[in-house]
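Subject: Structure for you to look at

Hello,

Here is the structure I promised to send. Please open it next to this message and follow along.

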Amino acid sequence: MPSPEPKTCASCGRAITWRKAWADDWDQVRWCSSACRRRGLRDCDRELEARILATAGRTRRFPLAGVDGEREEVRRAARRLAAAGRVRWTQKGRPVDPSTARGDVEITAT
């Protein structure tokens, strides 16, 4: 059986790849790990997303490090927005995969 399409974690925005252990309940999988399941999605996460989108509305392209907030929290919010197709991650002008990108990235409005 071919593996189904990958999903995006509702908490961190990283890609979730199919695992044989999830074969029976793949439709219910929302989280990539138990840590993401415990953390969930909070109001402060939505606020970060709104700040990123507001900045993207003012500036076509900007460094993600320029968004106020704890670094990993900002990256999580930006990954969720990228998965929803609202922003694009780039490094040196080239698109990169938000799930695997390392280092400084820029956010480009879509």
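A definition to begin with: helices and strands here are DSSP runs, numbered from the N terminus, where a strand needs at least two residues. Two strands pair if DSSP finds at least two bridges between them. Please keep in mind that this is a predicted model.

Strand pairing

Which residue is the bridge partner of Val87 in strand 6? The partner is Ala109. Strand 4 covers residues 87-91. Strand 4 and strand 6 pair in the antiparallel sense, over four bridges.

Strand 6 spans residues 106-109. Strand 6 also pairs with strand 3, residues 61-63. That pairing is antiparallel too, with three bridges. Within strand 6, Thr108 stands opposite Arg61. As background, side chains in a regular strand alternate between the two faces of the sheet.

The chain as a whole

The protein chain holds six strands and three helices. Along the sequence the order is β-β-α-α-β-α-β-β-β.

What does the overall size say? The radius of gyration is 15 Å. A compact globule of 110 residues would have a value near 13 Å, so the two agree. Along the principal axes, the C-alpha atoms fill a box of roughly 45 × 30 × 20 Å.

Of the 110 residues in the protein chain, 36% are buried. The accessible surface comes to about 7,100 Å². Carbon and sulfur atoms account for 47% of that surface. Now take the contacts in the protein chain with a separation of 6 or more: 44% of them come from residues 24 or more positions apart.

Asp45

Is Asp45 buried or exposed? Asp45 counts as buried, because its relative accessibility is 1% and the cut-off for buried is under 20%. Asp45 sits in helix 2, which runs over residues 43-58. Which residues does Asp45 contact, leaving aside neighbours within four places in sequence? They are Arg39, Gly40, Glu73, Ala77 and Arg80. Please look at this site in the viewer.

Rings

Where does Lys7 lie relative to Trp26? Lys7 lies over the face of the Trp26 ring, at 4.9 Å from the ring centre. How many aromatic pairs does a search of the whole structure find? The search finds zero.

That is everything for now. Write back with any questions.

Best wishes

Terms used
Residues numbered from 1 in each chain as written. Predicted model: local features only at pLDDT ≥ 70, side-chain atom pairs only at ≥ 80, totals over all residues. Heavy atoms only, no water. Phe/Tyr/Trp six-rings, centres within 6.5 Å; stacked < 30°, edge-to-face > 60°. Lys NZ or Arg CZ within 6 Å of the ring centre and 35° of its normal. Rg over C-alpha atoms; globule rule 2.2 N^0.38 Å. Buried < 20%, exposed > 50% of the residue type's maximum accessible area, 1.4 Å probe, protein only. Contact = heavy atoms within 4.5 Å. Areas by Shrake-Rupley, 256 points an atom, 1.4 Å probe, with all protein chains shown as cover.
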